[in-house]
Amino acid sequence: MPRTSRPMQVLPIVLREVEVTGIADITPNMRRLTVAGDQLSAGVVNGMPRPQFHSEGFDDHVKLVIPTPETESVDIGEQGEFRFKWNREALGFTRDYTVSSVDADANSFTFDVVRHDSGLASEWAFSASIGDSLKFAGPKTSAGLSEGVDFHLLVADETALPAVRRWLETAPADTSGHIIVEVPTAEDIQEISTAADVEINWLIRSGTSPGDSTLMYEAVKNMELPAGRTYAWCAGEALTIAPIRRHLRRELGLPKEDVEVIGYWRKTAKKTEAAADEIAGDATSETATPLAAASQDAAADGVTTAGVDEFAEVSESSQSIVSNVHEMTEILPPIITRIAVTLGVGDLVAGGITTAEAIAAEVGIDTEGAGVVLTAMCALGLLERDGAAYLNTQAGAVLIGDGAGDGLNLDDPAIRDLFSIVNLLDILRNGHIDMPAPAEALTSAGEALTSTLTAPTWRAQRAVDAALDTAHRSHTLDHLRYVLDIILELEPIATAASVALAGDAGAEVSAALTRKAPESGRSVHIPGAASVAGEQSWPAVDCTLMLAGLTGRSRPEAKALLACILESSASLVVVEPLTDEAELDDHQAEELVATYAMTGNASWTSEELCQCLSDLGAVAVEVVDIGWGFGRFRSAVIARRP
Ligand SMILES: Cc1cc2nc3c(=O)[nH]c(=O)nc-3n(C[C@H](O)[C@H](O)[C@H](O)COP(=O)(O)OP(=O)(O)OC[C@H]3O[C@@H](n4cnc5c(N)ncnc54)[C@H](O)[C@@H]3O)c2cc1C
């Protein structure tokens with residue numbers, strides 16, 4: 001979820017089982033299901049606390065495990081403390097639905113399902129019976145309305161109508177806004193009562209198929225926003241709403257944090273024979289790499305040895321091993337996806353700027369270069385061509401939007417910094433930047449992709465490069481959003497009357513610490529560079545919270561800082577991008593390698609950190625899980641002074 005100005009609660013993800021207790025067709029193409037059961041109340045699952053089902057936000061959603069004969073026999077997963085560890089196979093049977101309303105007294109909630117041609121969830125809902133059981137998880141987050149907003153714009157197709165309905169039913173009387181909703185037929189218009197001062201514009205798609213209409217875009221383009229701050233929320237079919245996002249951000253100039261455009265479903269293209277031919281042709285292309293050729297050899301083996309089924313299976317698996325390795329060697333996808341996002345190609349195409357010349361002119365690059373990028377995007381299936389015009393594919397639509405840009409945009413100095421990874425070979429052979437040869441290599445080759453290093457260490461570089469420092473802090477903050485509430489509830493922090501902060505995200509975390517202070521109050525200290533460097537003593541506090549504060553420090557430097565903190569702080573909570581599972585998890589491996597390449601120092605494992613703290617004399621050192629078990633911050637290490 002991209003960062004928005006809406007206040008967000010992060011909730012533990014719990015799998016629950018309920019029963020269908022109500023079925024009502026509220027319009028010809030929308031069915032409301034009521035589900036209820038004891039598992040919506042607080043209790044204990046697998047020895048872990050199960051909180052009460054909770055949903056306050058208008059667009060909160062649950063993940064339904066759609067009951068089918070297959071799901072009966074599939075192992076859905078395992079309940080953890082904050083998250084449900086999904087079995088990958090089971091995820092294929094899940095679909096997201098908005099919580100339409102909650103009745104806490106009756107231990108029930110409702111959700112509304114759109115009828116469409118054929119789909120697992122839709123078919124199940126339109127043949128469900130009272131008494132059917134249903135498993136679901138969530139909501140995992142619940143976001144309120146942004147404060148200080150003068151005007152709300154909501155744009156939705158029928159899949160997002162349940163969210164719009166909940167918004168209207170719960171919006172306070174002094175809220176004003178404009179609502180645009182596209183529905184299949186006039187009979188699908190709903191009566192919705194609201195205290196808010198809003199105009200509702202119903203758009204009837206009539207004969208046009210879902211996902212093919214431009215009605216919502218036209219309506220947004222034709223409206224004028226009043227003066228003041230507008231918050232815009234839009235959800236529907238991913239490709240249909242892409243131009244709306246562009247219009248809101250670029251034409252109307254709404255800031256990123258006040259625009260939320262979310263793809264609720266994707267229209268699946270029917271595979272044409274031509275496309276199938278193209279794919280087949282690609283596999284025998286003359287430009288195939290040696291590994292691709294090896295893959296074909298393996299396939300050929302499969303053919304010659306066919307006739308014995310087990311043999312065929314062995315060949316298939318060796319073929320897939322080779323093609324997996326082949327995939328790993330591809331250099332184009334990670335580069336082209338980032339270049340496409342950084343230049344905003346998908347966005348431009350969605351906004352009607354569709355030729356190489358027009359895109360080049362808009363972005364300010366030469367047409368030949370634009371042509372190269374567009375051709376590569378077609379080859380990767382992100383764009384398709386119609387004469388001189390390029391069109392986004394469903395795959396391309398995934399890259400449109402602020403959420404995608406957050407992690408891939410090379411104009412962000414912190415993301416660009418990760419590209420130090422391309423210098424890994426030089427760093428391995430010659431050491432990090434304080435060695436003359438790689439320093440030159442970094443400056444000449446690195447200027448294009450990595451930040452220009454002028455200081456002796458990455459930390460020193462951050463101290464002199466405000467944009468780089470801000471970008472890294474913001475990167476940390478993005479990841480913290482999902483775990484901060486849990487961190488602040490850890491015992492040493494929750495009870496502390498004085499807290500010192502080390503590492504990133506100081507100001508924001510300081511504000512959260514103050515909001516969540518014990519009744520007796522709390523002082524928050526952000527020690528300066530002299531304390532961090534050990535030139536001044538650390539403030540005497542009940543607890544120090546360190547957030548990504550070890551990243552980029554050498555082991556001796558990190559150890560000295562931890563020692564200095566433990567001298568003055570009764571307890572210490574360290575939240576770092578620990579890479580305990582790097583051998584099994586490619587995201588952690590990327591963190592490990594990128595951090596090493598970027599800073600010259602590897603990231604930590606919890607085992608190494610616990611050992612280091614114990615060596616420094618800390619007691620009761622423990623590792624606790626925080627959050628949902630993915631992302632950069634998965635666990636915290638807690639230590640206490642004896
Ligand atoms: C956060 C969130 C909240 C959502 N809330 C709701 C909600 O409250 N009510 C609701 O009805 N939907 C909601 N959706 C959308 C819903 O999850 C999708 O439409 C989902 O794909 C439907 O699953 P299915 O099994 O019926 O179809 P799938 O098996 O996913 O798809 C089968 C085929 O149907 C097409 N298809 C899928 N959905 C539609 C559609 N709506 N109209 C036409 N064709 C479609 C697909 O392109 C595909 O070709 C929400 C989605 C998200 C991400």
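Trainee: Where is the place of Asp469?

Mentor: Asp469 is in helix H20, residues 466–480. Here helices (H or I, at least four residues) and strands (E, at least two) are DSSP runs numbered from the N terminus. This is a predicted model: local features need pLDDT of at least 70, side-chain atom pairs count only at pLDDT 80 or more, and totals for chains, interfaces and linings use all residues. Residues are numbered from 1 along each chain as its sequence is written, and side-chain values use heavy atoms, with hydrogens and water left out.

Trainee: What makes the pair of Asp469 and Arg462 a polar contact?

Mentor: A polar contact is a pair of N or O atoms within 3.5 Å; within protein, one must be able to donate a hydrogen and the other to accept it, and residues adjacent in sequence count only if both atoms are side-chain atoms. The side chains of Asp469 and Arg462 are joined by such a contact at 2.8 Å.

Trainee: How do you know whether Asn392 is buried or exposed?

Mentor: Its relative accessible area is 10%, and therefore Asn392 is buried. Asn392 belongs to strand E20, residues 389–392, and its side chain reaches the backbone oxygen of Gly346 at 2.9 Å.

Trainee: What puts the buried residues of H23 on the same side?

Mentor: The buried residues of helix H23 (residues 506–515) are Gly506, Val509, Ser510, Ala512 and Leu513. They cover an arc of only 165° around the axis, so they lie on the same side of H23. The arc is that of the directions from the helix axis to the C-beta atoms. Ala507 and Arg515, on the other side of H23, are exposed.

Trainee: What is remarked about the phi of Asn107?

Mentor: Asn107 has a positive phi of about 55° although it is not a glycine. Most residues other than glycine have a negative phi, and most peptide bonds are trans. Asn107 lies in the loop between strand E10 (101–103) and E11, and it counts as buried because its relative accessibility is 17%. Ala548 has a positive phi of about 50° and is not a glycine either. Ala548 lies in the loop between strand E23 (541–547) and helix H25 (555–568). With a relative accessible area of 2%, Ala548 is buried.

Trainee: Which peptide bond is cis?

Mentor: The bond that joins Gly138 and Pro139 is cis, with omega about -5°. Pro139 lies in the loop between strand E12 (133–137) and strand E13 (141–143).

Trainee: Why does the ligand lie between domain 1 and domain 2?

Mentor: Domain 1 (8–142) and domain 2 (145–265) both give residues to the shell around the ligand, so the ligand lies between them. The domain bounds come from an automatic or database domain assignment. Strand E9 gives the largest share of the shell, four residues.

Trainee: Which atoms of Val114 and Thr268 face an oxygen atom of the ligand?

Mentor: A polar backbone atom of Val114 is 2.8 Å from an oxygen atom of the ligand. For Thr268, an N or O atom in the side chain is 2.6 Å from an oxygen atom of the ligand.

Terms used:
Buried < 20%, exposed > 50% of the residue type's maximum accessible area, 1.4 Å probe, protein only.
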